[in-house]
Amino acid sequence: MTVSALECRSVSKIFGGVLAVDDVSLTVPSGSVSALIGPNGAGKTTLFNVTTNLFAPTSGEVSFFGKNVAGLSSHHIAALGVIRTFQTARVFPGMTTIENILSGAHLHVRTSVASQMLWSRTARQEERCLTEKADALLDMIGLGHARDVAATDLPIGAQKLVEVVRALMAKPKLLLLDEPAAGLNDRETAELAVFLRAICDAGTSIIVVEHNMSLVMDVADLVFVLDAGRLIASGAPQDIQRDPKVIEAYLSRPEGQIA
Ligand SMILES: Nc1ncnc2c1ncn2[C@@H]1O[C@H](COP(=O)(O)OP(=O)(O)O)[C@@H](O)[C@H]1O
Ligand SMILES: [Mg+2]
């Protein structure tokens, strides 16, 4: 039996009086692209935050690849191979695009700090390999031209892509992406879908929180739908699109938007 990438068992999170995540149980298989969708305020970001222990859940249990993460720091969870991005792009100021991306590799650099200080041959080789990988990934997302630009000067959509690539440099087993297509136009979103599929095919499972339904339909193997903190549906994208509970959840919103 293959181990699931993520398992949530009866996970809840209460903020003050608000039940942001309400008794959510779900299993995300490894080797897949899964999407987490739902109207604004449904609890998608909070579910990411509690699974990665940015906040502890009020109740319930979370496992990544069969390992219960109760009490583990976000840093320990990253060391398990679970890397996330944030809804609000967080590129590092004062660094170029390529420097931002290379900073994501620190989890994976084998040479010791001492040898890096001495700038040994191994360290130089490793640095060169990482830079080549970072440049190749930048080209794949169409940002090769922005390599040496201050990352904070890029448009927001491009900053979000830089964050995805930075996360990939840590060679994650599971990537959690919070609205990576926000700020991208339709063509860029379609390119992102192809990129995410390639990442998955190369061995990294993905869970993506997404507003853009066309991205979800293009790329997701499995869709989970949250509404007011509760998991109201899960399944293949075509079935989710037709699910009366999902349609109702979206139509009852003033904006009537599938997010
Ligand atoms: N840090 C927080 N403190 C208090 N309430 C929060 C916090 N984060 C989220 N919430 C509340 O939890 C609910 C779910 O929010 P969120 O997870 O951001 O939804 P989504 O990502 O689906 O739009 C909302 O009612 C929101 O106001
Ligand atoms: Mg959110």
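This is a predicted model: local features need pLDDT of at least 70, side-chain atom pairs count only at pLDDT 80 or more; totals for chains, interfaces and linings use all residues.

User: Is α1 largely enclosed by the rest of the structure or largely open, and how many of its 8 residues are buried?

Analyst: The buried residues of α1 are Lys44, Thr46, Leu47, Phe48, Asn49, Val50 and Thr51. Just after the helix, asparagine 53 takes a positive phi of about 60°. The helix α1 is therefore largely enclosed by the rest of the structure, the number of its buried residues being 7.

User: Which strands stand at the edges of the open sheet of 6 strands, each with a single partner?

Analyst: The strands follow the order β6-β7-β8-β3-β9-β10, with mixed pairing. The twist from one strand to the next averages 15°. Because each has a single partner strand, one side is left without a neighbour in the sheet for both β6 (82–84) and β10 (230–235).

User: Which residue of β9 is the bridge partner of alanine 35?

Analyst: Strand β3 (residues 33–37) pairs in the parallel sense with β8 (residues 205–209) over 4 bridges, and leucine 36 stands opposite valine 209 in β8. Strand β3 also pairs in the parallel sense with β9, again over 4 bridges. In β9, the bridge partner of alanine 35 is valine 223.

User: Which residue takes a positive phi near 50° in the hairpin of β9 and β10?

Analyst: Strands β9 and β10 run antiparallel and are joined by 5 bridges, with leucine 226 opposite leucine 231 in β10. Of the 6 residues of β9 (residues 222–227), 5 are buried, so this strand is largely enclosed by the rest of the structure. The hairpin has 2 residues between the strands, and the residue with a positive phi near 50° is alanine 228.

User: Which residues touch the most other members of the largest nonpolar core?

Analyst: In soluble globular proteins, nonpolar side chains tend to be buried together. The largest nonpolar core here has 68 residues, and the members that touch the most others are Val165 and Leu196. Helix α6 (residues 156–168) gives the most to this core, with 7 residues. Leaving aside neighbours within four places in sequence, the contacts of valine 165, one of the two residues asked for, are Ile101, Leu137, Leu138 and Ile141.

User: Is alanine 70 buried or exposed?

Analyst: Alanine 70 lies in the loop between β5 (67–68) and α2 (74–79). Because alanine 70 has 11 C-beta neighbours inside 10 Å, it is exposed.

User: How far apart in space are proline 29 and glutamate 7, C-alpha to C-alpha?

Analyst: Proline 29 lies in strand β2 and is partly exposed, with 14 other C-beta atoms within 10 Å. Not counting residues up to four places away in sequence, proline 29 touches Thr2, Ser4 and Ala5. Although proline 29 and glutamate 7 are 22 residues apart in sequence, their C-alpha separation is 8.7 Å.

Notes:
Residues are numbered from 1 along each chain as its sequence is written. Chains are lettered from A and ligands numbered from 1 in the order in which they are written. A nonpolar core is a set of buried Ala, Val, Leu, Ile, Met, Phe, Trp, Tyr and Cys residues joined through C-beta atoms within 7 Å. A residue is buried if 20 or more other C-beta atoms lie within 10 Å of its own, exposed if 12 or fewer, and partly exposed in between; C-beta atoms are placed from the backbone. Two residues are in contact if their C-beta atoms, placed from the backbone, lie within 7 Å. Two strands pair if DSSP finds at least two bridges between them. Axes are lines fitted to C-alpha atoms, for helices over the stretch in contact, and angles run from 0 to 180 degrees between N-to-C directions.
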